[in-house]
Amino acid sequence: MRRLGFSCGFPLLSQRITHQVARRDLPLPTRCRRRPHLGIFRSGITLSEGMATRNIDTSNARKKEVKKETRLGLTYKKDKDFGEWYSEVCVAGEMIEYYDISGCYILRPWTMAIWEMLQAFFDPEIKKMNIKNAYFPLFVTENVLQKEKDHIEGFAPEVAWVTKSGQSEMEIPVAIRPTSETVMYPYYSKWIRGHRDLPLKLNQWCNVVRWEFSHPTPFIRSREFLWQEGHTAFATKDEADQEVLEILELYRRIYEELLAIPVIKGKKSELEKFAGGLYTTSVEAFVPNTGRGIQGATSHCLGQNFAKMFQINFENEKGEKAMVWQNSWAYSTRTIGVMVMVHGDDKGLVLPPKVAAVQVIVIPVPYKDADTQAIFDACTSTVDTLCKAGFRAEVDLRDNYSPGWKYSHWEMKGVPLRLEIGPKDLANNQVRVVRRDNGAKMDIPMHSLVEKVKEILSYIQESLFNAAKQKRDACIKVINTWDEFIAALNDKKLILAPWCDEEDVEKDVKARTKGEHGAAKTLCTPFDQPRLPEGTLCFASGKPAKKWTYWGRSY
């Protein structure tokens, strides 16, 4: 097993970060350039820097700053250069900042607010199922990691090892968890003795490290990420099977009800299931712009394999020795990346109202000779009204940015709804409302503000889901032959095909479609199965088909 220590051997950063970041002309208020080896931004001119290093007139510096702040927008287009667009949106939308270790990212408050809202939904739901939160250490010894060989083989290339303490080689290197089965289960064996100790249902909110890969992508493929991982043990398989589907339904709700992203619930093939598990279920999303599926979250039935390896036994009601049945399940900050990919546009992020850190931004629009203070007071009062009604609202009173710059800034950050208040609005006791998702504008009277904002945000949430589902569904292609399969694959489709459910056939499809854009593979076999007419043949082997399965390229 390869050991990647923290003591030495980090990849050279200049090449990777220059490739990933430095060549992007990031549309920040002051145009910036990155110092690759330090992973920080330095502005061309700022007041603080100028005051500290040069004796300059502050009014002139301010004019220079404001002049530079007029350019705000994305360099890349979503339809033309998706990869660069995605990376740029994540940075310009203040979701992440690149770090000086390749594949690691700083999650900024705009991101953490979304993660906390997903957590605020999921955590109470699992507590209703009597699942309790715990925390286990980040480190695991090699002998424990090696206990379940089938499991760890799936993670072996990604395991990072700590091999040094200061300048001294460690006598026993320790691994950083890529997942926590081998961390937790030795203690499940200790805590479970009889049937009254079951079920044991624990969850932890934590980070994991998976080190080795070639193409890091913010949220989607990073060396460290945040997630929850649930690990449960039951006396019977029926109990385990039931929980697998209950958790999967919660994952569907995260995507469809909160993130406004349609997903397909289904079962993974034997080749694609969780290493060491009995079977894996998942929710699968799809990114129309790239024609790639993306595994949204997984709920695994581990069977009794880990119970056997870690001797998690109990005495049943008959006084007989038995092994537990186990599950594990997880979703991660990948969810946020899927949201950016599906909803974002050429202006930046588009956030569903249910997860947006700021649902409503209020911007004053003072004209020449207008009563600026009265407009500011009206904006502040409007925000107070909205916040008291339960909305997440803020006002942008910064006077060194024009209203137009603020519009672009908050559009870039994906705020669902913008309210504008100018002299005319003040006189008419109204606000101008602008939707982020479609740019629609309307004037609404102040007396109906709360009711109308609630209604519009609900429309935006529903509209985002419906638009995403329409785009996804338009990409689904039902095929029956190999030639149709290849044509659909080249056309970036989500392919539904009849399959004989044989592992060798799936391996052959992967081998035959391998290329510069990646090989095709099974995404999932949907629980909602279309009718399979008698005599239907597998598209790849010509053998009798057993099921309909989604295929395609994936992240």
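Buried here means under 20% relative accessible area, exposed means over 50%, and partly exposed is whatever falls in between, using a 1.4 Å probe on protein chains only.

The model is predicted, so to speak of local features a pLDDT of at least 70 is needed, side-chain atom pairs count only at pLDDT 80 or more, and totals for chains, interfaces and linings take in all residues. Numbering starts from 1 along each chain as its sequence is written, and side-chain values use heavy atoms, with hydrogens and water left out.

**Overall layout**

The protein has 17 helices and 25 strands. These are DSSP runs numbered from the N terminus: H or I over at least four residues for helices, E over at least two for strands. Contact means heavy atoms within 4.5 Å. Of the contacts with a separation of 6 or more, 69% are between residues 24 or more positions apart.

**Strand β10 and its partners**

Two strands count as paired if DSSP finds at least two bridges between them. Strand β10 (residues 224-234) has antiparallel links to both β9 and β16. How enclosed is β10? Largely, because 9 of its 11 residues are buried.

| Pair | Residues | Bridges |
|---|---|---|
| β9 with β10 | 200-209 (β9) | 10 bridges |
| β10 with β16 | 325-332 (β16) | 8 bridges |
| β19 with β20 | 417-421 (β19), 430-435 (β20) | 4 bridges |

The β19/β20 pair, where Leu417 stands opposite Arg435 of β20, belongs to an open sheet of 5 strands, ordered β18-β17-β19-β20-β21 with mixed pairing. At its edges sit β18 (393-395) and β21 (441-445), each pairing on one side only. On average, neighbouring strands of this sheet are turned by 25 degrees against each other, direction ignored.

Two helices go with this sheet. Helix α12 (residues 372-388) lies across β17 (360-364), β18 and β19, running at about 170 degrees to β17. Helix α13 (residues 403-412) packs on the sheet too, touching β17, β18 and β19, and its direction also makes about 170 degrees with that of β17. For these angles, axes are lines fitted to C-alpha atoms (for helices, over the stretch in contact), and values run from 0 to 180 degrees between N-to-C directions.

**Helices α4 and α11**

Where do α4 (residues 82-92) and α11 (residues 334-343) stand relative to each other? Their axes come within 11 Å and cross at roughly 120 degrees. Phe82, Trp85, Tyr86, Val89 and Cys90 of α4 meet Gly337, Val340 and Met341 of α11. That contact splits into 7 nonpolar residues, 1 polar and no charged, where Ala, Val, Leu, Ile, Met, Phe, Trp, Tyr, Cys and Pro count as nonpolar, Asp, Glu, Lys and Arg as charged, and the others, Gly among them, as polar.

**Helix α16, a two-faced case**

In α16 (residues 482-490), the buried residues are Trp482, Phe485, Ala488 and Leu489. They share one side of α16 because they cover an arc of only 125 degrees around the axis, taken from the directions from the helix axis to the C-beta atoms. The face turned away from that buried side carries exposed Asp483 and Asn490. Cover for the buried residues includes β22 (476-478), β23 (494-499), α17 (503-513) and β25 (547-554). After α16 comes Lys492, with a positive phi near 60 degrees.
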